[in-house]
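Here is a short briefing on charged side-chain pairs. Look at the sequence and the model first, then read on.

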Amino acid sequence: MLLIDNVAKTFGSQPAREVLSDVSLRICAGQYIAIMGESGSGKSTLLNLIAGLDLPDRGRVIFEGRVLSELDDSQRTILRRAHLGFVFQAFHLLPHLSLERNVGLPLALNGIHGARAQQRIDEILDAVGLSSRRRSMPANLSGGEMQRAAVARALVHRPKLVLADEPTGNLDAESAQEVLALLRIQLKQDGAAGILVTHSPAAAETTDEIFRLHRGRLSASTSVHETI
Amino acid sequence: MSAAAFVVLDAVVLRPMRRNLARTTLAVLAIALGIALGSSIYLINRSAADEISLAARSLYGLADLSVESVGETLQDTLYPSIARLPGVAVASPEIEIEARLADRPRASIKLIGVDAFRYAEMQPAIARTGNDSDVALELLNPSSVFLSATAARELGLSKGEVLNVQVGLRVEPLEIAGVLPANVLRESAGLIDIATAQWKFDRLGRLSRINLRLKSGVSLKQMKSSLQQLQQGQALRITTPGEATDDALRLSRAYRANLTALALVALFTGGFLVYSTQALMALRRRREFAILHALGVTRLQQLWLNLSATAVLGLLGSAIGIALGVLLANVGLRTLGQAVGAGYFSQNAAPVNLHPVEIALFAAVGMLVALAGALRPSLEASKVSTAAALKAGDVLSAYSPANPVALTLAFLLGIAVLLVPPIAGLPLPGYVSIAILLIATVAAMPAFIRAVLKIRPKTNFVAYEIAIAELAGTARYAALSVSAIVVSFSLMVAMAIMVSSFRTSLDEWTQKMLPADLYLRVGYVGQSAHMDESLARSLATLSGVSRIEVSRLSEASLNPELPPVVLIARSFDVDAIEDSLWITAKATARAPDDTTPIWVSEAAADLFDLAAGDLIEMQVGEARLETFVQGLWRDYEHQNGAILIQRDTYTRLNGDRAINTIWFWLSEDASLRSVRDALVANLPPGVQYDIRQPGEIRQLSLRAFDRTFAITYVLEIVAVAIGLFGIAAGISAQVLARRGEFGALRHIGFTRGQIGGMLAIEGSVLGAMGVLAGLAMGVVVSLILIYIVNRQSFHWSMDLHAPVSLLTSLALALVACSALIALLSGRQAMGVDVVRAVKEDW
Ligand SMILES: Nc1ncnc2c1ncn2[C@@H]1O[C@H](COP(=O)(O)OP(=O)(O)OP(=O)(O)O)[C@@H](O)[C@H]1O
Ligand SMILES: [Mg+2]
């Protein structure tokens, strides 16, 4: 489903800094992995390449059989819109839309409106336990609640792959566990693949497999403690 | 300053200013622009006022008092008795004649006939005229004239050349015996011998005034009362040179006051821009303030730092503005001259400059405007709830609705102020009302934006929905972005409606006032040139002329305390008066038997507090007349009032049978050209006259109108440009603050185009709100301008006429502009680095 093939990415010209030098990775449908690594090791950069928000200098990112670098920006955007979901560290709910409308955004973008959309929104809000807060504005929610809403938004349109960059970075341990559990359950329920970028071993352990990004290369990790 | 304080200053004030350099610069420039316009208009005004009063003053020389007649002229038999009054040191008789220049179209010169020796005692500087012989002796020569320095320069004449003036239809050559020193007679005028003047200009036995110098120790009051006893059946007007100067100034005061108001408008708009930039900055930096507060910067420190930084910005703006203003004033006085001043300002003014006190005053004004603009935002910034602002996902602006009761009260207050009568003859309450209404409108903008967004149509178009939600959520923030455009656009609309109403009314008025086919005019009020009845009779018999009417322009006095009004003595059919006069009120009754019917212009009605049906005593020359106000008429020509009277009555009254204007109606088959040619052929050669068709007069008056209002157009455009800058500043600040949001949207699957579309929608909706509010407020302000301000300052009434297509296209252009501005400021939001913005917390 997702194939990362000898990808490299360099930033800047003088001094040029090769953040990713040779990264390869294959993810199958329904597979849920974690990527760990020191700050500045290029984890977010890798996610951006996967999402087609940025293009590699070398190598290819193939998603659903399509080489991202061969698509133009709007084609990549449409691909992303339909098949990807995101959870951010800073939540990024739109401040002036109610929870319900925030969550419904990907559906609207994909042209799904009306009762069908409403039904799915109800279902996912129910699943993340926010049915009763559907009309609240983001500012009135706690961090944990906001991130649960973000998880709902990432999954509402049944994407094939969910990318989560430090989703628990702004949360206390308890809320973090709650959100991670939810994320895992929903991914498995929908059969979606997921990539979780995190610094937290505990978080990483909720995934199926852990990778480590170090000196521009990605390697499978046997023990989470190795990354600390 | 301690190191710690500097760190705080740096963090709270300096760095943010440097980071928001563009917006900071904009605020400084807005203040600078306001101050520049204000100080330049002030300077132009001051130099005009100085010029006018110096000119008026120089006319009187060392005189302490001046005796004039209430009607036209004094009898010179009065002179010996006044000169003999105890307490009078010198009495200098003068006669003033507005002489038509024979060899220049439509030009005239004021000739002052003086008794050379008495005059020299009033104006000792005259001795420095630089002639070898005695000026006084030279003046006695009946064909000599001395020109003032201004007149010599304007006419391009010098000593030894000849000045041809027209008396009736006769040409009188006068030899220029010399040019006076500049400080003797400042205005454009010439001196001749009084006996020559009386004789050559058919004013035997007449005087315009007698200037008196009093013996030391004699009080003005004493002198005035002994003069009053001396009246000899003539109503005397006794003024001091100071009072005469005031009269001269009053003529142009309304115009100058309105210019000043325009300058204030610019400053006002600048103040709003400071307010919105400061408020936007404060909103955007909520988190920053919260962090600083959490770290230990006290709220008072924050407030103080913010305000003092703003004061510095205000001072900076003022400094730039003052320099610019002095420059503008000098350039304006030199190049625009007549165009700027509607003829009130002389073209050859010396360079002007501000005095230190004035500089300090303008600097203080600029600083205060900046502080006033920054006060509320700074107070709010210092009150930011630390906990709320530090929380992730904190929203830029919470909706804090203005108190509806306070808003309603403000609007009511704005209306109520209109009931206050003008102050010192100036429409100040009108301007105060406009300011209050504008401030209230800006305060009501958030509520207005939310109300309008509530009734908007709903769609499935995601970019539109998000844009609307964003606007509704940040209504206050959005309102700030548009406050400057609301203010400037409403003023633009108001001016446009006012100018167009005025122009349309003027146009209709000229057509109404000019029912004849052709007009022949020789001379004007008080001018020496005129025609006589025999000429009129012979012109009436020319082939192609079916009928004529004639009029004579003279002066009358309704109140000895006030300047005289123009008296138009015209032959006309009383029942058909509405064919040639724009009657605005009519007396229901007919004039009582022992009174004379008169028709009073609106300006005269306002100045003398007259209504149709009133009885009033009028002084024409030496005659007193019981008159009945038969009707009021609209008049854009005589700002100090005019009165129409039947010519028969007038000639019976004082025997003056001279004619200034002849109206010609042509027979159906007559050719305008040939009649015109025949008229010219029948006028004595070498005589100055005006022959015009109504169309030409209409064009001339409209052109003069457009020239006068040109400066207001420029100021309007400047104000609207400032307003657009406000929108640009607001939207780009917001785009910067929302980078994280845009990043997230790009992740979710928004295309660049969709984000651009979203911003364009926000921009145009925002612009449309500003334009709508501005339009509504502009209409209200225009009503105030038309029905109150103009009526009070110029005594002109006009019919409302909105330039609908102009306003519509302006409004659309502004909305398009704001969409474009939003798009441009959003360009960075659509770049790649927005993707990285998702990790920025704020
Ligand atoms: N657009 C860019 N331009 C220049 N340098 C960049 C850009 N994006 C990332 N970098 C650099 O690439 C390196 C990796 O950045 P990245 O954000 O991927 O790190 P990360 O592993 O996600 O770190 P963290 O755990 O702190 O989030 C950093 O040194 C960063 O400065
Ligand atoms: Mg990262």
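**Salt bridges in brief**

Over all chains, the structure holds 42 salt bridges (a side-chain nitrogen of Lys or Arg within 4 Å of a carboxyl oxygen of Asp or Glu). This is a predicted model: local features need pLDDT of at least 70, side-chain atom pairs count only at pLDDT 80 or more, and totals for chains, interfaces and linings use all residues. Residues are numbered from 1 along each chain as its sequence is written, chains are lettered from A and ligands numbered from 1 in the order written, and side-chain values use heavy atoms, without hydrogens and water.

**Chain A**

- Arg135(A) and Glu100(A) join in a salt bridge, 2.9 Å from N to O.
- Arg135(A) sits in the loop between helix 4 (114-127) and helix 5 (143-155), and Glu100(A) in helix 3 (residues 99-109), so the pair ties together parts 35 residues apart in sequence. Helices (H or I, at least four residues) and strands (E, at least two) are DSSP runs, numbered from the N terminus.
- Arg135(A) is exposed at 63% relative accessibility, while Glu100(A) is buried at 10%. Buried means under 20% relative accessible area, exposed over 50%, and partly exposed in between (1.4 Å probe, protein chains only).
- A salt-bridge network links Glu100(A), Asp122(A), Arg134(A) and Arg135(A).

**Chain B**

- Arg552(B) pairs with Asp656(B); their closest N and O atoms are 2.8 Å apart.
- This pair links distant parts of the chain, 104 residues apart: Arg552(B) is in strand 13 (residues 545-556), and Asp656(B) in the loop between helix 21 (647-654) and strand 20 (661-666).
- Arg552(B) is buried at 14%. Asp656(B) is buried at 19%.
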